[in-house]
Amino acid sequence: MTDAAGARADFVKGLSDVLVPAVTETDNRVRALFEAQEALQKEIHRLSKELETFIDAAQVPSLAIYTQKLNNAKQRMDNINAVLQRIQDRVGRIEKNFINKK
């Protein structure tokens, strides 16, 4: 092995030793955030359905505003979950490319 190839191999190993834990930690945190967002989305959906049932039964017009706010929050959560999924996919591709280049 030439000195240049050895230096390159050492650089790649050093870079790998630094990046792999960072990418793994980021991936784990994105997964945890994704799970928390999913749980929050389920709770918002449950509350929204409960509130809609209450509005239908009680005919209280002032609660319609809160139902709309919950629906808006649900939509924002859906958008955030889509972004998180794209981030998770990118991190997965980065990990795969990095491992394949080792």
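Let me start with contacts, where a contact means heavy atoms within 4.5 Å. Of the contacts in the protein chain with a separation of 6 or more, 71% are between residues 24 or more positions apart.

A word on the source. This is a predicted model, in which local features need pLDDT of at least 70, side-chain atom pairs count only at pLDDT 80 or more, and totals for chains, interfaces and linings use all residues. Residues are numbered from 1 along each chain as its sequence is written, and side-chain values use heavy atoms, with hydrogens and water left out.

Now the overall form. The protein chain has two helices and zero strands; both kinds of element are DSSP runs, numbered from the N terminus, with helices being H or I of at least four residues and strands E of at least two. The chain is more spread out than a compact globule, because its radius of gyration is 23 Å, well over the 13 Å that the globule rule gives for 102 residues. That radius is taken over C-alpha atoms, and the rule is 2.2 Å times the number of residues to the power 0.38. Along the principal axes, the C-alpha trace spans about 80 × 15 × 15 Å.

How much of the chain is buried? Buried residues are 19% of the 102. Buried means under 20% relative accessible area, exposed means over 50%, and partly exposed is in between, using a 1.4 Å probe and protein chains only.

Next, three residues. Ser48 sits in helix 1, which covers residues 3-58. Ser48 has a relative accessible area of 5%, so it is buried. Leaving out residues up to four places away in sequence, Ser48 touches Leu70 and Asn71. With Asn71 there is also a side-chain polar contact of 3.1 Å. A polar contact is a pair of N or O atoms within 3.5 Å; within protein, one must be able to donate a hydrogen and the other to accept it, and residues adjacent in sequence count only if both atoms are side-chain atoms.

Glu38 is in helix 1 as well. Its relative accessible area is 34%, so Glu38 is partly exposed. Glu38 and Asp78 are 40 residues apart along the chain, and their C-alpha atoms are separated by 8.9 Å.

Gln75 belongs to helix 2, residues 64-101. Gln75 counts as partly exposed because its relative accessibility is 45%. Between the C-alpha atoms of Gln75 and Asn28, which are 47 residues apart along the chain, the separation is 25 Å.
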